[in-house]
Amino acid sequence: MSTPATQPTPSPAAWNELAAHAAKTRDTHLRALFAADPSRAERFTAEAVGLFLDYSKNRIDDQALALLLKLAEQSKLKERIELMFTGAAINITENRAVLHTALRAPKDAVILHDGNNVVPLVHAVLDKMAAFASQIRSRAWKGFTGKPIKNIVNVGIGGSDLGPVMAYEALRSCSDRGLVFRFVSNVDGTDFAEAVHDLDPAETLFIISSKTFTTLETMTNAHTARQWSLAALKDERAVARHFGAVSTNAKEVSAFGIDTANMFEFWDWVGGRYSMDSAIGLSTMIAIGPDHFRELLDGFHAMDVHFRTAPFDANLPVILGMLAVWYTDFFNAETIAVLPYDQYLKRFPAYLQQLTMESNGKSVTLDGGRVDRPTGPVYWGEPGTNGQHSFYQLIHQGTRLIPCDLIGFARSLNPLPKHHDLLMSNVFAQAEALAFGKTPEQVKAEGTPDWLVPHRVFDGNRPTNVILAEKLTPAILGALVALYEHSVFVQGTVWRINSFDQWGVELGKQLAQRIIPELASAEEPALAHDSSTNALIKRYRALKAR
């Protein structure tokens, strides 16, 4: 197996310097940092491709930032960036290139994989997607009975579901409101049943997204969709008018009954969690149209160019990624909250969960050794202001340090009187409250009884990043997703792990394949699991038999 010519190298000196500096400054409060540096709010900011990042409310000073960027340099981040963008097989456990950046490259770009320029292949698929999407959107595509398609159901799981559903919700303001979009991922039959319960099979198109067309959960739902359609349409030929596929397995697609002219491919150098801008985004393109989809790709590409070319001290993904390393490894922070103050981004934290934790939830280094420091913080969140009435209590006054990314927009896509100023006032107020808190003296000055004072004190010194943009457009969504994609890569490079495989999802799936016949068998099976699993299987069979 080939490996990249340049591997990230650990830098004990940089780690030791950071550890020493963290120990020395750990108890320095953000109040003191701001008091000592009136220009801090201007200096600790960065801006690119429509996104403004204020990271001044982080527990860093100039030396900490310099040491973090030094660690990035000594980890050979620049070299690793070039290896990724130029098609080296940096996914060494699968011997694959990592070229999701090619999915949003302009037509005249040249990106080589095994000596071949992949950009024309990408744009050929995009053009094919655009033609298909335009037929659906214009109502020219008719179902088997002659009715136009009005309902689109995306069937996938993981990256083939989380990306499309997040993008649809985020860009719903520019979607075709005459079309209904549903997303099925869970093998729990309830997910499928609820998705189609009010749909007419004669007006429904299913998009089956599975690279191999063998993914167990996806194909289980796909065959259920096929049966549901044919129960109403009564003719096998109907499948070709009511199903499309995002796959590379033409044989299985054809055997299913799908016309391979309506099969849209992507490649093994595109990881599932990095695929929302590939053919996996077909449902997104149908929803928002080819022009808006290309704007989405343009936003991705603009952030790609920024990440590849900007100096580290002005590089948004580098700064965001290194701050995550700072808190994870030097402050024992175990989670990072992402808090979008825009209802359209309600699925963005869920999307980031796969992107971040499937990528960096690793305990083995690139050379096969065990990691010697924490990796992969837990990413989580909900839209503001809902979260403020839910879990912000823990962030403000709990015992855990939880760095937060607050995302907001200057202009609402639904400008109702007073709403948006109220919404955004909470972004700024929460960042201020988390940073500076409220001292016992301030609480007492409000007339609070002494016994109640401790309960109303806010320690503050809780770090935040604030990410601002003018408004949520397709291009801004693309830039925002790419910002986090590259931030993940920065973290993985410093930790010397492979951010692009996911072996951790395999074992449970393999064991499930073994257990399925034991649950379904008419005869009592001979069980050879541990005593707990054997007992659970027996109890399930007994309850099922009732």
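Trainee: Hi! Is phenylalanine 213 buried or exposed?

Mentor: Phenylalanine 213 is buried, at a relative accessible area of 4%. Buried here means under 20% relative accessible area, exposed means over 50%, and partly exposed is in between, with a 1.4 Å probe and protein chains only. Bear in mind that this is a predicted model: local features need pLDDT of at least 70, side-chain atom pairs count only at pLDDT 80 or more, and totals for chains, interfaces and linings use all residues. Residues are numbered from 1 along each chain as its sequence is written, and side-chain values use heavy atoms, with hydrogens and water left out.

Trainee: Thanks. Where does phenylalanine 213 lie?

Mentor: In the loop between S7 and H9. Helices (H or I, at least four residues) and strands (E, at least two) are DSSP runs, numbered from the N terminus.

Trainee: And what about phi of phenylalanine 213?

Mentor: Phi is near 60° there, a positive value in a residue other than glycine. Most residues other than glycine have a negative phi, and most peptide bonds are trans.

Trainee: Which residues does a cis peptide bond join?

Mentor: Glycine 384 and threonine 385, with omega about 10°. Threonine 385 is in the loop between strand S11 (378–380) and helix H16 (392–397).

Trainee: Switching to rings: how many aromatic pairs are there?

Mentor: The count comes to 23 aromatic pairs. Rings of Phe, Tyr and Trp (its six-membered ring) pair if their centres lie within 6.5 Å; planes under 30 degrees apart count as stacked, over 60 as edge-to-face and the rest as tilted. One of the pairs is phenylalanine 213 with phenylalanine 256, edge-to-face at 5.8 Å centre to centre and 90° between the planes. That pair links distant parts of the chain, 43 residues apart, with phenylalanine 256 in helix H11 (residues 250–256).

Trainee: Which residues do ring pairs link into a cluster?

Mentor: Phe192, Phe206, Phe213, Trp228, Phe243 and Phe256. Phenylalanine 256 also has the charged end of arginine 226 over its ring, 5.6 Å from the centre. The rule for a charge over a ring is NZ of Lys or CZ of Arg within 6 Å of the ring centre and within 35 degrees of the ring normal. Arginine 241 lies over the face of tryptophan 141, at 4.0 Å from the ring centre.

Trainee: Last topic: how many residues has the largest nonpolar core?

Mentor: It has 124 residues, and Leu51, Trp269 and Trp326 are among those with the most contacts inside it. Helix H20 (residues 474–495) gives the largest share of this core, 13 residues. A second, separate core of 24 residues includes Phe213, Leu230, Leu233 and Val239. A nonpolar core is a set of buried Ala, Val, Leu, Ile, Met, Phe, Trp, Tyr and Cys residues joined through side-chain atoms within 4.5 Å.
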